[in-house]
Amino acid sequence: GINAEYGNYLAYCDLHQYISCSRVLTSKYSKGFGILGDYVGEDHVFNQPNCIYGIFYYLLFLTLDSLPQRDVVIQTKFSLSCSSIVMCLYLGYILAFILVDLCLVCIATYIVNIGLAIPSISNFIQLLERSDYQQKKKS
């Protein structure tokens with residue numbers, strides 16, 4: 001991969017023409033999910049590299065995981081998990097059909113997000129099935 005800032009930098013995950021992290025990380029989709037720059041401007045403070053959003057997401061998830069698992073925490077983790085799955089589908093689509101690339105770091109991130117989502121969804125379903133939660137919803 002060629003990056004203007006670093007010259008002829010080749011990432012360890014650049015294994016082939018179609019298996020390249022560098023192609024993904026230097027594409028317009030690597031910043032603001034390829035969307036924010038169009039709305040707020042390329043140099044806006046909210047148009048950050050996707051990895052910055054990921055750091056905040058994982059820190060928030062880790063923080064929520066360390067709290068007592070009250071209803072609001074379970075609901076928040078469920079909402080975060082659902083949003084991360086939607087983003088994985090969106091970015092996975094871009095990876096496969098627009099960039100026509102296979103980014104090993106991206107796929108590893110999708111796997112981690114699915115791994116975090118499964119227990120979150122399970123806990124949310126258990127919450128919905130609890131009788132005391134059903135009673136709260138009725139009153």
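This is a stop-by-stop tour of the chain, with something to select at each stop.

**Before you click**

You have a predicted model open, in which local features need pLDDT of at least 70, side-chain atom pairs count only at pLDDT 80 or more, and totals for chains, interfaces and linings use all residues. Residues are numbered from 1 along each chain as its sequence is written, and side-chain values use heavy atoms, with hydrogens and water left out.

**The whole chain**

Start with a cartoon view. The chain holds six helices and zero strands, so from the N terminus on the order is α-α-α-α-α-α; helices (H or I, at least four residues) and strands (E, at least two) are DSSP runs, numbered from the N terminus. Now colour by burial: 30% of the 139 residues are buried, where buried means under 20% relative accessible area, exposed over 50%, and partly exposed in between (1.4 Å probe, protein chains only).

**Helix α4**

Select 71-98. This helix has 28 residues and reaches 40 Å from its first C-alpha to its last, close to the 40 Å expected at 1.5 Å a residue; the expected span is 1.5 Å times one less than the number of residues. Show its buried side chains, among them V73, I74, K77, L80, S81, S84 and C88. As background, an α-helix has 3.6 residues a turn, so residues three or four places apart point the same way. Just past the end of α4, click V100, which takes a positive phi of about 45 degrees.

**The cores**

Next, select V24, L95, C103, C106 and Y110. These have the most contacts inside the largest nonpolar core, which has 13 residues. A nonpolar core is a set of buried Ala, Val, Leu, Ile, Met, Phe, Trp, Tyr and Cys residues joined through side-chain atoms within 4.5 Å. Two or more residues each come from α1 (21-25), α4 and α5 (104-129), and α4 gives the largest share, four residues. Zoom in on C106: leaving aside neighbours within four places in sequence, C106 is in contact with V24 and L95.

Apart from this core lies another, of five residues, including Y57, F61, L64 and L80.

Then pick L116, in helix α5. What does L116 touch, leaving aside neighbours within four places in sequence? The contacts are Y57, Y58, F61 and S81. L116 counts as partly exposed because its relative accessible area is 24%. For a distance check, L116 and I85 are 31 residues apart in sequence and 9.9 Å apart in space, C-alpha to C-alpha.

- R23 and D101: the closest N and O atoms are 3.9 Å apart. The pair spans 78 residues, from helix α1 to the loop between α4 and α5. R23 is partly exposed at 36%, while D101 is buried at 7%.
- K77 and D65: here the closest N and O atoms are 2.5 Å apart. The pair links helix α4 to helix α3, twelve residues apart. With 5% relative accessibility, K77 is buried, whereas D65 is partly exposed at 45%. Select what surrounds K77 too: F61, L64, D65, Q69 and S120 touch K77, not counting residues up to four places away in sequence.
- R130 and D71: N to O is 2.9 Å. R130 sits in the loop between α5 and α6 (131-138) and D71 in helix α4, 59 residues apart. R130 is partly exposed at 31%; D71 is buried at 14%.

**Last stop: a surface patch**

Finish by selecting I35, Y39, V40, V45 and F46, which make a nonpolar surface patch of about 540 Å². Patches are made of residues with over 30% relative accessible area and no salt bridge: like charges are joined within 9 Å, nonpolar side chains (Val, Leu, Ile, Met, Phe, Trp, Tyr) within 5 Å. F46 is in the loop between α2 (36-40) and α3 (50-66), and F46 counts as exposed because its relative accessibility is 55%.

Methods. Areas by Shrake-Rupley, 256 points an atom, 1.4 Å probe, with all protein chains shown as cover. Salt bridge = Lys/Arg side-chain N within 4 Å of Asp/Glu carboxyl O. Contact = heavy atoms within 4.5 Å.
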